[in-house]
Amino acid sequence: MAQDGRRSWRKTALSTIVGGLVGAGAMAAMLSLAGTALLDAMGPSRVALAAVGLIYLLIAAMVGFGVAAPRAGAKVLNVADAEELRDDRANLLFSTIVMALLGATLLLLALARGPGFAAGVVSAGVAFATLALMLAGGALASWLWRDRFDELGRQLGLEGASWSFYVSWIVLTVWGAADFLGLGATLTAIDAVTVSAAALLLGSFVAIGRRGMMVR
């Protein structure tokens, strides 16, 4: 049992290192492509939203890699073996598509033109229409696929949503109150989008971690 535990922790550590390296490389590439002028024009709030969108895209890429190459994916993803990836391929593919679309939409919002950001790469109308289509499509797809997930999967989804609400409510309440009271912590509308999107990820990790599924 001790040997299995050490093996699980080594795999978790490897997954963390690989994810960190991929994330650092992707962030460096994004910074290089964007250039300092565009980043300065974006400001901290837009950069933070873009970073969260990039995290969604990276997770989608890693899970998609596991779906496409189960043997290699099983070595870096938090699964028991390649068979688990093969058996759950349909659900993982659905999740990958949703994560990728959400990440791309957040990135598009961060780069959309708006007040004080004339250097945006797309118009505000295009970004908002993309967001509306993504939300409507995601809701419809989730409803159509509701019976494809087992009881554990549905329960994890509910627990993740609950933790996401708790985290976002606390952060936005404290931040909003500080802004309202003039304590120097300005909360913009896009910050609320960023916090909600980040809390959705964090809530999922908390739900999984509480069930001991972070180390396999």
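Me: How much space lies in the second largest pocket?
Reply: About 180 Å³. This is a predicted model, where local features need pLDDT of at least 70, side-chain atom pairs count only at pLDDT 80 or more, and totals for chains, interfaces and linings use all residues. Residues are numbered from 1 along each chain as its sequence is written, and side-chain values use heavy atoms, with hydrogens and water left out.

Me: What counts as a pocket here?
Reply: On a 1 Å grid over the protein atoms alone, a pocket is an open set of points where a 1.4 Å probe fits, with protein on both sides within 12 Å along at least five of seven lines; lining residues have an atom within 4 Å of a point. Points are joined across faces, edges and corners, and the volume is the space filled by probe spheres set on them.

Me: Which helices supply at least two residues each to that lining?
Reply: H1 (2-68), H4 (89-110), H5 (124-144) and H7 (189-210). Helices are DSSP runs of H or I, at least four residues, numbered from the N terminus. H5 gives the most, with 4 residues.

Me: New topic. Where is Ala69 found?
Reply: Ala69 sits in the loop between H1 and helix H2 (70-76). Ala69 is partly exposed, at 25% relative accessible area (buried is under 20%, exposed over 50%, partly exposed in between, with a 1.4 Å probe and protein chains only). Ala69 and Leu85 are 16 residues apart in sequence and 9.0 Å apart, C-alpha to C-alpha.

Me: How many aromatic pairs does the structure hold?
Reply: It holds 2. Trp163 and Tyr166 pair edge-to-face, 5.8 Å centre to centre with 85° between the planes. Rings of Phe, Tyr and Trp (its six-membered ring) pair if their centres lie within 6.5 Å; planes under 30 degrees apart are stacked, over 60 edge-to-face, the rest tilted.

Me: Which helix holds Trp163 and Tyr166?
Reply: Both lie in H6 (residues 151-180), 3 residues apart, about one turn. Phe165 and Tyr166 also pair edge-to-face, at 6.1 Å and 65°.
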